[in-house]
Amino acid sequence: MSNGLKQDISIGHNLKTLRKRAKLSQREASAQLEVLGIPMTEDILAKMEQGRYSVRISVLLALKQIYGVSSFDEFFDGLHL
């Protein structure tokens, strides 16, 4: 029985938009994640932004801080859940 939730919703576009709004390159963002203790490569961040890699909650928490996001809602803005 299906609960009606989509399994393939990606926040990748929003991640990229928020990173660019923070004026960070993928390299800079992944380096800042590393400083916060989140293992991250530029390649993995790129895959997250392309929707090809699942985003962990710990990464969202760190990205919220790095990107200066006031609410987690910004990660999900415009998505049809």
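1. A residue is called buried here when its relative accessible area is under 20%, exposed when it is over 50%, and partly exposed in between, with a 1.4 Å probe and protein chains only. This is a predicted model, in which local features need pLDDT of at least 70 and side-chain atom pairs count only at pLDDT 80 or more, while totals for chains, interfaces and linings use all residues. Residues are numbered from 1 along each chain as its sequence is written, and side-chain values use heavy atoms, with hydrogens and water left out.

2. The secondary structure consists of 5 helices and 0 strands, where helices (H or I, at least four residues) and strands (E, at least two) are DSSP runs numbered from the N terminus. Along the sequence this reads as α-α-α-α-α. The radius of gyration is 13 Å, close to the 12 Å that the globule rule gives for 81 residues, so the protein is as compact as a globular protein of that length; the radius is taken over C-alpha atoms, and the rule is 2.2 Å times the number of residues to the power 0.38. Taken along the principal axes, the C-alpha atoms fill a box of roughly 45 × 25 × 20 Å.

3. Of the 81 residues, 31% count as buried. Among contacts (heavy atoms within 4.5 Å) with a separation of 6 or more, 56% come from residues 24 or more positions apart. The protein exposes about 5500 Å², of which carbon and sulfur atoms supply 52%, the areas coming from the Shrake-Rupley method with a 1.4 Å probe, where for residues only the protein chains shown count as cover.

4. In helix H1 (12-21), the buried residues are Gly12, Asn14, Leu15, Leu18 and Arg19. They cover an arc of only 160° around the axis, which puts them on the same side of H1; the arc is that of the directions from the helix axis to the C-beta atoms. His13 and Lys20, on the other side of H1, are exposed. The buried residues of H1 pack against H2, H3, H4 and helix H5 (73-76), and after H1 comes Lys23, with a positive phi near 60°.

5. Helix H3 (residues 42-49) has Leu45, Ala46, Met48 and Glu49 as its buried residues. These too cover an arc of only 160° around the axis, which puts them on the same side of H3. Their cover includes helix H1 (12-21), helix H2 (26-35) and helix H4 (57-66). Just after H3, Gly51 takes a positive phi of about 75°.

6. Where in the chain is Ile11 placed? Ile11 belongs to the segment before H1, and it counts as buried because its relative accessibility is 11%. Not counting residues up to four places away in sequence, Ile11 touches Val55, Leu60, Phe75, Phe76 and Leu79. Ile11 and Asp77 are 66 residues apart along the chain, yet their C-alpha atoms are separated by 8.6 Å.
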